[in-house]
Amino acid sequence: MTYPCTFSYIPLFDRIPKTVVIDNVRKHTKINVIENVRNVQLKINNFVSLQTPIKEQTPPTHSAPGWKLFGKIPPRENPQKDSKTIQQEYEARTGRMTKPSLQVGRRRNLEFEPLSTTALILEDRPAHLPAKNAEEAQRHRQEYDEMVAEAKKREMKEAQRRKKIMKERFKQEENIAHAMIIWNVDILPNWETIRNTRKVRELWWQGVPPSIRGKVWSLAIGNELNITHELYEIFLSRAKERWKSFRETGSENETEDSGASGADREASLELIKLDISRTFPSLFIFQKGGPYHDLLHNVLGAYTCYRPDVGYVQGMSFVAAVLILNLEEADAFIAFANLLNKPCQLAFFRVDHSMMLKYFASFEVFFEENLPNLFAHLKTNNLTPDIYLIDWIFTLYSKSLPLDLACRVWDVFCRDGEEFLFRTALGILKLYEGILVQMDFIHIAQFLTKLPEDITSEKLFACITTVQMQSSNKRWTQVFASLMKDGKEVEKNHSPALKS
């Protein structure tokens, strides 16, 4: 067997299979090639490192493509230049020098630079595009200056707005801290003697500091029912026993109890569970698993056992929740029970039809006195006060207004009593009078049952201040007393929606 002249083999290889010989040759050749390539690369690297000097960076020439806008040339790998570097390169290429005084002053005052816009204006076009003429370059420069000036103007305006907000916040915090000292040192220790003085009432109108709000509310509401912590524990244990019996007896009795009314409303404990989940849902603290879920459940359950004649009514959960946020559990129950024992709240929560109509009639007297145009518009559309007042009074505005604003309303309500609830209603109507007079029945009802969320205490209380709770030289209490004394049926003239 013979082989090509490149290789010399002894006859012994004739006995080796041809495939084995070829494989060995390929393997040997591949190893030699790899070693040769490695040696060549090593020599090249050594030669380059010894012979090639370090290349200094030179400014780009006039033919440099600048920003690669059209994708024909790979983008630069260097870091993005700042505006000052771009300006220096531009001046070096074109020989033009900008006015140093104006330029330096302008750039020193800027808080930021839109780099992409700066580069597009200050650099020449790519080499394969026509160059800018002097007029176009000047126009671009002017446009750039205008953009920077506008951006700076917006930035300064935003900075002023933030500064104003922070200043108002600091001022408010200082006022709260100062007011808290006055409340703790001067007012609370002498509550009974100075609570009705002009100084205290003016300070009260501005809002009670959140840290002492619960204590002030408790003192203002009072405890005419003489409820003690021990009495609360008794009714709470009774409520827990009933919940346990509900779980054991099943859903059939639960349904019967849920439909109970009158003196048997104590059996409506299970209704509380349904309403708690809808109480301040955005806070996520009263829902099941939240930190205040059990507290709210306890207070409402104990109240239904304490007042079975009232039982649980939808809306109570919001009132109890606001008290729980500001008071301890037992104190919240005491304030809650005494608050709902006030004539106005008792009339609404017991659904005393006759008393509710008298409250609506009294409200309409002052409504017509303060807002005659809106009053006539609502009358024309047959929209009666019960449509929006019931929800506001039931929850004491805690569901209708933002929580911080609702607490501010509660502050003055604890000072002035039920009159302020209806004065607040007139303040809301006055605030949105311009919008409401353009609406029909449906849209007015929808608007008033779901007020805008951006309502602020400053705007609302500014409107409340202008509301005069005096009609024909009669104040709220006198108007309401005259309606109570008068034996007429107000259903014929007021709130036809509530006629039975």
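Biologist: What is the handedness of the crossing of α12 and α13?

Modeller: The crossing is right-handed, a term used when the near helix is turned clockwise from the far one by less than a right angle, with anticlockwise giving left-handed. Helices here are DSSP runs (H or I, at least four residues) numbered from the N terminus, and strands are runs of E of at least two. This is a predicted model, in which local features need pLDDT of at least 70 and side-chain atom pairs count only at pLDDT 80 or more, while totals for chains, interfaces and linings use all residues. Residues are numbered from 1 along each chain as its sequence is written, and side-chain values use heavy atoms, leaving out hydrogens and water.

Biologist: What makes α12 oblique to α13?

Modeller: Helix α12 (residues 293–306) and helix α13 (residues 316–326) pack at about 125°. Angles under 35 degrees count as roughly parallel, over 145 as roughly antiparallel, 65 to 115 as roughly perpendicular and the rest as oblique, so α12 is oblique to α13.

Biologist: Why is N226 called exposed?

Modeller: Its relative accessible area is 62%, and exposed means over 50%, buried under 20%, and partly exposed in between (1.4 Å probe, protein chains only), so N226 counts as exposed. N226, in the loop between α8 (213–221) and α9 (229–249), has a positive phi of about 55° although it is not a glycine.

Biologist: What makes S472 exposed?

Modeller: S472 has a relative accessible area of 63%, and therefore S472 too is exposed. This residue lies in the loop between β1 (470–471) and β2 (474–475).

How values were computed. Axes are lines fitted to C-alpha atoms, for helices over the stretch in contact, and angles run from 0 to 180 degrees between N-to-C directions.
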